[in-house]
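This report covers a few local features of one protein model. Please look at the sequence and the structure below before reading on.

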Amino acid sequence: MLSTPHTADFRAKITDLDLGAVRLSSLSCSPVLSRRTAAHVRRGDPEHFQLALVTRGHVRISQRGSDSVVSGGLMLTDTSRPSAGACVGGRVDTIVLQIPRPALALRPNRVDRLLAQGLAADTGSGAVLADFLKTLLVHGPRCGPEELRGMGSVALDLATACLARQLGALGEVPAEVRTQETLQRIHRFIENNLGDPALTPQAIADRHNMSLRALYALFAGQDLSVAARIREGRLERARADLARAEPGGQPVQVIAARWGFPSASAFSRAFREAYGTTPSEHRASSATTPGRAASRGC
């Protein structure tokens, strides 16, 4: 049951993405109160865990004797239990992953300990999951059904690993869940360090306490090898910078160096191979097309 003191100017926007195994929703709304009683549960229960990322504002949540105010973090609720929630202050934006109870590879009695608790989303597995959900919300609507199902499986694995780490029970989840979390953690590390010229497969393996052979094996089923993933990420960042730059602005070699390329010639060669044009040509054509920006879909 929902209620609000802002009946005259209440605003809300909801989007929904079907990911097969799970669903992803986003909610942006004016201050609102929510209350789910035992009677509501009896009348209709989808039997889902709801893992929400609060990206704006503050949410107070109460369930199973726990009460928390969450801002910028994650919170878990169970549709099979009574609950109460409230926006604290102004507008609130959340991203919600709806997980069928049987799909979560953790014992329910252990998961209960996390209900209505604020969970960090700026470090470790929480940050990996948060980044993935934000990216999926942006790019997911342009993906096909098969791609969305694949992304749903990844989201479920990351959510399971995140909750398992909170419980100190990562060893209890399937090996593929741990593998997926490690892979996404490495993807995030690569994204955050593309400008470092010392970012190499060996550096990544060392940072994540694995052998180079294990790192290559981890990427064996991916579309790109780890070295190709680094190269593509650097090229995409440089391409975006070139599209924003004025023709007479920063030299190409400055932008190349910013994203870890050892020389302008090596950058130009890689850029032409990837996009069929030179960096200078790309910058010039972007300048003559107002509003155009480099983008990446599925």
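The model described here is predicted. Phe261 has a relative accessible area of 12%, so this residue counts as buried, the limit being under 20%. Phe261 is placed in the loop that runs between helix H9 (252–258) and helix H10 (264–275). Along the chain, Phe261 and Leu194 are 67 residues apart, and their C-alpha atoms are separated by 9.8 Å.

The count of aromatic pairs comes to three. In one of them, Phe261 pairs with Phe267: the ring centres are 5.0 Å apart, the planes make an angle of 55°, and the pair is classed as tilted. Phe267 is also buried, because its relative accessibility is 0%. Ring pairs join Phe261, Phe267, Phe271 and Tyr275 into a cluster.

The volume of the second largest pocket is about 970 Å³. Its lining is made up of 35 residues, and those nearest the centre are Leu2, Leu27, Ser34, Gln50 and Val96. Strands S2 (12–18), S3 (23–29), S4 (33–36), S5 (48–63), S7 (74–78) and S8 (83–100) are the elements that each give two or more residues to this lining.

Which element gives the most to the lining of the second largest pocket? Strand S8 does, with nine residues. Sorted by class, the lining of this pocket holds 19 nonpolar, 12 polar and four charged residues.

Helix H3 covers residues 124–139, which is 16 residues. At 1.5 Å a residue H3 should span 22 Å, and its end C-alpha atoms are 23 Å apart, so the two values agree. The buried residues of H3 include Ser125, Gly126, Ala127, Val128, Leu129 and Ala130. Phe132, Leu133 and Leu136 in H3 are buried as well. An α-helix has 3.6 residues a turn, so residues three or four places apart point the same way.

Helix H4 covers residues 145–167, and its 23 residues should span 33 Å at 1.5 Å a residue. The end C-alpha atoms of H4 are 33 Å apart, which agrees. Just after H4 comes Gly168, with a positive phi of about 70°.

Most residues other than glycine have a negative phi. Ala116 is not a glycine, yet its phi is positive, at about 60°. Ala116 belongs to the loop between helix H2 (108–111) and H3. Asn209 likewise is not a glycine and has a positive phi, of about 55°. The loop that holds Asn209 lies between helix H6 (201–207) and helix H7 (212–218).

Is each of these residues buried or exposed? Ala116 counts as buried because its relative accessibility is 0%. Asn209 has a relative accessible area of 74%, so Asn209 is exposed, the limit being over 50%.

Notes
Residues are numbered from 1 along each chain as its sequence is written. This is a predicted model: local features need pLDDT of at least 70, side-chain atom pairs count only at pLDDT 80 or more; totals for chains, interfaces and linings use all residues. Side-chain values use heavy atoms; hydrogens and water are left out. On a 1 Å grid over the protein atoms alone, a cavity is a set of points where a 1.4 Å probe fits but cannot get out, and a pocket is an open set with protein on both sides within 12 Å along at least five of seven lines; lining residues have an atom within 4 Å of a point. Grid points are joined across faces, edges and corners, and a volume is the space filled by probe spheres set on the points. Helices (H or I, at least four residues) and strands (E, at least two) are DSSP runs, numbered from the N terminus. Ala, Val, Leu, Ile, Met, Phe, Trp, Tyr, Cys and Pro count as nonpolar, Asp, Glu, Lys and Arg as charged, and the others, Gly among them, as polar. Rings of Phe, Tyr and Trp (its six-membered ring) pair if their centres lie within 6.5 Å; planes under 30 degrees apart count as stacked, over 60 as edge-to-face and the rest as tilted. Buried means under 20% relative accessible area, exposed over 50%, partly exposed in between (1.4 Å probe, protein chains only). The expected span of a helix is 1.5 Å times one less than its number of residues.
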